[in-house]
Amino acid sequence: MKGFFTVNGARIEASFDPGETLLRVLRKAGFTEVKEGCNEGCCGSCVVLLDGKLVNSCQVFAASAKGRSITTVRGIGDLHHPHPIQTAFAESGAVQCGFCTPGMVLAAYSLLQENGDPDDEEIRRGLDGNLCRCTGYVKIVEAVRKAAERMRADG
Amino acid sequence: MAEKTVGKSIPKIDAIALATGAEKFADDMRPPEPLECAILYSPHSHAEIVSIDTTEAEKLEGVVDILHYGNVEPRLHTTAGQGFPEPSPYDTLLFDRRVRFTGDRVALAAAKDAETARRALDLIKVEYKTLEPVFDMEEALQKNAPRVHDGEEHAVIPVAYRPEQNIAAEIDVSIGDVEGGFDKSDFIVERTYETHYASHCALEPHAVISYFDEQGRLVIVSSTQVPFHARRIVSRVCGIPLRKIRVIKPRLGGGFGGKQEVFLEPLAALVSWRNRKPARIVLSREEVFYATRTRHAMKIMLKAGVGKDGGITALRMDGLLNAGAYGTHALTVLSNVGSKVLPMFNKIESIRFFGRSVYTNLPVGGAYRGYGATQGYFAFNQHIDIIARRIGMDVLDYIKQWHIREGETSPLFEALGEGKEGVSQVIGSCGLDECIDRGAEEIGWKTKRGKRTGSGDRVHGDIVRGVGAAVSMQGSGIPRIDMASASMKMNEDGSFNLSTGATDLGTGSDTILAQIAAEVLGVEADAVIVTSADTDLTPFDTGAYASSTTYVSGGAVKRCAEKVALRIRERAGSMLGLPADGFSCRDGRAVHGKKSISFEEIALDAMYARDQEQIQAQASFTADISPPPFMAQFAEIEVDLRTGRIRVVKFVSAVDCGRPLNPALAEGQVEGAALNGISYALCEDFVFSKDGKLLNPRFWDYKIYNTVDQPELATIIVPSNEETGPFGAKSVGEIAINGPAPAIANALYDAVGIRMYSLPMTPEKVFGRLVEEGMV
């Protein structure tokens, strides 16, 4: 099968098998920031925004995402222009191995879109689909709090 | 001290690149059109392979190669990823005629795509003759037990290795007169504690990519903690000249010991070598659970003879370690159960440590953060809680009375090494008392211990609270075994390239090593450009294990930077006509009183002007000792009497890791290890079928803590100064995983007066104990 996708604002064409997941297609197309941690919808390393909604891309058939808009972590900020969430993660020590980080950052982004001033409990609930084995989550929650403050201050 | 870079919580140098997804992990560096590899695993826990027929599989279009015992040369080795010669027995073949656990490797299919490789596996016909398996350690030690290994397996160093008795390792060390000590005691406390299997659960599954470079050398990109050991082992096992191999460790998605094992690199290398094509092996999460490595399950008996004053007159520790089907780390994890735990109470005159690692037909144990100390401290901390209660003393006061201190030693440091005798050492820094005091304050020990507060009274209420404590120590590298090296060169702008073999697993060691070099040279950390863990480009390092990187690799980097600084001072002296030894390096300049000259001018002078040279140096470092970090950890828990569920309300870790070189990163190590330890204590577990098959190899059924499970975690860093460490540092990577299980178990006793002698403390088990004790 073939299909067009809009990834981080750019139109791409990809060919794929009918049963292939969006995760596999994105990684094959070079979006290696989308990580495969379990391929069973449990760890959140592969999350992307599909038409603005946070999904585990390992649980989405590529065919069902044809023509739709996909945002990866590179789509909200890159090395040269990092998003405040990404900066806050780096500054707070919320990044250890970094394998879960793209997913965590996107989950935080999605949460802050809906709730710009979450308390710690709301942050924890917002990130509960994303596993991290390195940090114990303390500094991740701190980073999201810090990012939210900065984003509110910046309007 | 007035250090400028060291001691600062600067962000990890790769943090932004990781947070924006720019950084590359092994599977992100896939070459074009690699042979995709799929592995066939044994469905039986113990069987002989009678025949393998690959005819149908080979006919499948796109299948390129199939590896199995019939076409791969048998070379016994260990996958342990340790230094040479390894303390683990050579008991493993890439492909064997015998399979020893459900999940043991039978064959590998390499094909043009992953789907074809998987389909090929279905077409391989394997005829098995099943053999009687053995799962229980005590049964495995019986005379007529099935033998897990009965071929040419052997140890490569002189250690007790008796596969004919299913003994993968044995240690027996005695100090003083243990039986006499028991006789002198007023009472004996004897208990047996059991710890369980666990998976590391690094979020990145194991991945290896191999391909040929432009000159025909084999490049292996691997998610490894030990690139140099991987190169050596691949060379030996595959018969590929070492000089033809380059191993690169890119960013690594967590290791925790699970990626010290070298068991995929030889497969990818062999597929590439045989077929002259790139190859890719990336494990699924399910494969990571059953076919990689686990924490060794253990049974530990502690017997203490105690005097009326609480003094321990003799202590005996008997450990049985379930090695599983192969003996990787079976000896050294076992020895660490004794060597990391027993020196804690160094005033005990008579001690015996007797341990056996036993082969069974279960998944294979290996290195796992804590490395035996976790198992040993679960037993030790409950045992001293029992003793302190018996003599009517607060356990914290009891620990303070007996623990090892600065200026003291333990004969066990020398008696118990890693496959050979250990190294005697005197403790140079120990902040344990302060850890205990500050941790107790933070948890509210005095107001909460023994109060059994909760939402109701003990009889009619359902939630009861308790607090418990645990102490532990670890090491900082393996003395006289671990070796690290570094090289540095100076650039025209006064920046430096640092090359080090040290392997950053995500811990931030690249950053900390940059901080060390920057501190010595008087520059900001961003003036140090780090290249690490590439066997072609960086000097040797044994790798990231045994809490070694900050202390050992840091030692090499510091020594190397000092040599560079000396060359800088010498040249500055000759440029300004002043004696070199009057110069110091600070703020990117060589400074002599009121005179100074910039690094930029010095580098330009060296490169282009006079007596031309590049200012550079290299250094190696091996430590004679392994200074232990110390820790006190505290749990406040709630027990639900209706369900047996334990909820950790708050968990406090107070650590003496020497001088924290980057406090935020040190805290991160503690927080991550503590939560892993809590999750291990309460819910993580391998569930086996009667015939030894792992029934829950997925995150849905093997629960690890997420953000909503996380209790309040408080981390207190209690600085000390370890004079032998770089800028006073000791290790911090492993230690915090040791305390959660015993602290929670002790808190459970504090809350409801029952002891859990076996992990994990699941609601079912706790409720069962409550019923047994007539509590509900």
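How many residues of domain 1 of chain B are in contact with how many residues of domain 3 of chain B?

View 1. Residues are numbered from 1 along each chain as its sequence is written, while chains are lettered from A and ligands numbered from 1 in the order in which they are written. The predictor assigns the complex an ipTM of 0.99 and a pTM of 0.98. For chain B the mean pLDDT (the predictor's confidence in each residue, from 0 to 100) is 96, with 99% of the residues at 70 or more. Where pLDDT is low, predicted coordinates should not be read in detail. Chain B contains 20 helices and 28 strands; helices (H or I, at least four residues) and strands (E, at least two) are DSSP runs, numbered from the N terminus. Along the principal axes, the C-alpha atoms of chain B fill a box of roughly 85 × 75 × 50 Å. The radius of gyration of chain B is 27 Å, which agrees with the value near 28 Å that a compact globule of 776 residues would have. That radius is taken over C-alpha atoms, and the globule rule is 2.2 Å times the number of residues to the power 0.38.

**View 2. The side of chain B that touches chain A.** Here 46 residues of chain B are in contact with 44 residues of chain A, two residues being in contact if their C-beta atoms, placed from the backbone, lie within 7 Å. Helix H1 (15-19) and helix H18 (663-682) of chain B are the elements that give two or more residues to this side of chain B. H18(B) provides the largest share, eight residues. By class, this side of chain B comprises 22 nonpolar, 15 polar and nine charged residues. In this classification Ala, Val, Leu, Ile, Met, Phe, Trp, Tyr, Cys and Pro count as nonpolar, Asp, Glu, Lys and Arg as charged, and the others, Gly among them, as polar.

**View 3. A four-stranded sheet of chain B.** The open sheet has the order S21-S20-S19-S25 (chain B), with mixed pairing; two strands pair if DSSP finds at least two bridges between them. Strand S21 (528-532) and strand S25 (616-622) of chain B stand at the edges with a single partner strand each, so one side of each has no neighbour in the sheet. On average, neighbouring strands of this sheet are turned by 20° against each other, direction ignored. Strand S19 (residues 483-490) and strand S20 (residues 496-500) of chain B run antiparallel and are joined by five bridges. Ser487(B) stands opposite Ser499(B) in S20(B). Helix H15 (residues 509-521) of chain B lies across S19, S20 and S21 of chain B, at about 140° to S21(B). Axes are lines fitted to C-alpha atoms, for helices over the stretch in contact, and angles run from 0 to 180 degrees between N-to-C directions.

**View 4. Domain 1 of chain B against domain 3 of chain B.** Chain B is divided into domain 1 (26-131 + 206-282), domain 2 (294-477 + 625-772) and domain 3 (483-622), with bounds from an automatic or database domain assignment. The C-alpha centres of domain 1 and domain 3 of chain B lie 39 Å apart. In answer to the opening question, 17 residues of domain 1 of chain B are in contact with 15 residues of domain 3 of chain B. On the domain 1 side, helix H6 (227-238) and strand S11 (245-248) of chain B each supply at least two residues. H6(B) contributes the largest share of that side, four residues.

**View 5. A five-stranded sheet of chain A.** Its strands form an open sheet in the order S2-S1-S5-S3-S4 (chain A), with mixed pairing. Strand S2 (10-15) and strand S4 (53-56) of chain A are at the edges, each with a single partner strand, so one side of each is left without a neighbour in the sheet. Neighbouring strands of this sheet are turned by 40° against each other on average, direction ignored. S3(A) pairs with strand S5 (residues 69-71) of chain A in the antiparallel sense over two bridges, and Leu49(A) stands opposite Thr71(A) in S5(A).

Note on methods: Predicted model: local features only at pLDDT ≥ 70, side-chain atom pairs only at ≥ 80, totals over all residues.
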